[in-house]
Amino acid sequence: MTTATRFASTDNYAKGGVEIIGDEQPRRYLFSNMFEVADQSTVWERVVVARNLEFTIECVRAEGESPWYVCDHDETALSMQGDIEVHFIKPADSTVLPTKDHPGPVKLTGEPTGQAMGWVKLGHGHMALLPRGAAYQFRATNLGVLLLQSILGDESIERWAGICQH
Amino acid sequence: MAKSTEQAITEPTINNASHIQSPDPDYGYEVFQIGSYTFRRDEYFVRVTYPKGTYVVDAGNFLRAMMRDVAWGFFYGWVNFDDVFGTVNHYSSVDVFVGSYNAGYKSAGTDFVERFDANKLLACFKALLSDWTNAGFDPFAAPLETGTPYGSKNGNNDTAVNFQRELAERFVGLEGDTELRTDERGFAVNRHFSDVDQSEPEVHAAPGFEGQLSAFSLFRYLSRSPVTWNPSIVSLVGESAYCPTSEEHILPIQHGNDRVEWFLQLTDEITWQIADKNTAAPKAIVTMKAGDISSMPADIQHRGFSPKRSMLLVWENMTPGLELRYGSGELPPTAAEF
């Protein structure tokens, strides 16, 4: 038998789906595909593909350089496609951080002033911590797909009817 | 004292009585008794007697289900061993039921539930698992990767049944948190993931920020999972927990969650059978291929089938008390409406 691991990408994915028995509704399962979502998204949009009350997983079409973001809680980034760098700066101006009652990241105007913290380079299946209080920017040479573990905020975009089976 | 399902939930009486009887003379396995339940096993089957009857199940299936129930500390909500027998976690106490969420048993009046102190029940189940798991059989392993669960008493496999899943407190690989999986730590690449790239990300921390930046290969981590259907935790954002796992063959339980749960299929394919949580009536089949994402509503039970070892990201909200908010109807059973 073949044991090749089947990955997927924006160029090569095959969706499954929800088959209903009786009077169940497919939309209750919020079924989507991250590569289809990325394929249909604008670059750097944070499209909510999973939500559990205030917590989210957001899918991002990564291409070129992203805006700079900063957040008052940890987030994580998982590269599901492509090589993606994440650059970090410790903002010199602490007032750029959102307040504690403002979850999710805020988009900054340009690169913040502050001390460079370093960078990480993510390949396929690699995952990075986006630590609380560190401004970050993604850089992707080619089309990539990111999954962000975050909290619903100003940058989160919910369009369930557009991405889910119903 | 045992009560009907409804009485037990509204008027819990916790029964702590438990003891082990002498080994069965024919097969050598200990007989376990807790409350009104008596558990016996022979070469092929487990037999549970309770005040309203007898429940019989394949020994291998029972041990695989019991392994998850014990390893997960009764998990979130309902751990159904099948359509008949299982446990419900109330987080300090646990219900053990027969037929309470099965329409046939309910209509016949042969359903039964009894509530136990969680620690007492866990101790009883751990002892049972240790005694009934023979040498060479690992209830965490895929069937093609382990020996037979059948036969008379033949040693034990406590190393396997005492396997501890790894639970990161913030992020895998951070100093003081759970470690990466390596050959040196005993985590070899699984036979089905020999083609998974083992490279790790580059981390370039500037002077003064060492230890603040962290990254690891989730695919490498999962390719080295030695167990199936047993999520670890790799990252936390508040109470949001990434609980990835590698899956092969059949999820040994039907999980009826007490909250919304999410699945993100990272590789390969899993088919989920969905049933009503209260009656076990079938509701849907969800087929998930690489890249697919699906929510499991809080009012269903699910069982997965993975024909090849696959990588699944299970996503949980660990906020305390959610089970009460969903149970009371304060929160709708679905994650979002559109």
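A polar contact is a pair of N or O atoms within 3.5 Å, where within protein one must be able to donate a hydrogen and the other to accept it. The model is predicted, and side-chain atom pairs count only at pLDDT 80 or more.

Q: How many residue pairs are in polar contact between chain B and chain A?
A: Between chain B and chain A the count is 28 residue pairs, both residues being at pLDDT 80 or more. On the side of chain B that touches chain A, strand 17 (residues 282–289) gives the most, with eight residues.

Q: What makes B:Asp268 and A:Arg6 a salt bridge?
A: The rule asks for a side-chain nitrogen of Lys or Arg within 4 Å of a carboxyl oxygen of Asp or Glu. The closest N and O atoms of B:Asp268 and A:Arg6 are 3.6 Å apart, so the pair qualifies. In total, four salt bridges are counted between chain B and chain A.

Q: How much area do chain B and chain A bury between them?
A: About 6000 Å², with 62% of it on carbon and sulfur atoms. That value is summed over both parts. In chain B, the residues that lose the most area to chain A are B:Val237, B:Ile293 and B:Phe338, together 13% of what that side buries. In terms of contact, 76 residues of chain B meet 67 residues of chain A.

Q: Why is the link between B:Glu145 and B:Arg309 called a salt bridge?
A: Their closest N and O atoms are 3.1 Å apart and the limit is 4 Å, so the name applies. Across the interface of domain 1 and domain 2 of chain B, the rule finds two salt bridges and 14 residue pairs in polar contact. Helix 2 of chain B gives the most to the side of domain 1 that touches domain 2, with four residues.

Q: Which residues touch the most other members of the largest nonpolar core?
A: Of its 63 residues, these are B:Tyr37, B:Phe39, B:Phe62, B:Phe85, B:Phe125, B:Trp132 and B:Trp272. Members of a core must be buried, which means under 20% relative accessible area. Helix 4 (residues 118–132) of chain B gives the most to this core, with eight residues. The core draws at least three residues from each of domain 1 (5–161) and domain 2 (191–226 + 228–327) of chain B.

Q: Which residues is B:Phe62 in contact with, leaving aside its neighbours within four places in sequence?
A: B:Phe62 is in contact with B:Phe39, B:Val46, B:Val57, B:Phe81, B:Phe85, B:Leu128 and B:Trp132.

Technical notes: Residues are numbered from 1 along each chain as its sequence is written. Chains are lettered from A and ligands numbered from 1 in the order in which they are written. This is a predicted model: local features need pLDDT of at least 70, side-chain atom pairs count only at pLDDT 80 or more; totals for chains, interfaces and linings use all residues. Side-chain values use heavy atoms; hydrogens and water are left out. A nonpolar core is a set of buried Ala, Val, Leu, Ile, Met, Phe, Trp, Tyr and Cys residues joined through side-chain atoms within 4.5 Å. Buried means under 20% relative accessible area, exposed over 50%, partly exposed in between (1.4 Å probe, protein chains only). Helices (H or I, at least four residues) and strands (E, at least two) are DSSP runs, numbered from the N terminus. Domain bounds come from an automatic or database domain assignment. Contact means heavy atoms within 4.5 Å. Buried area is the accessible area (1.4 Å probe) that two parts lose on being put together, summed over both. A polar contact is a pair of N or O atoms within 3.5 Å; within protein, one must be able to donate a hydrogen and the other to accept it, and residues adjacent in sequence count only if both atoms are side-chain atoms.
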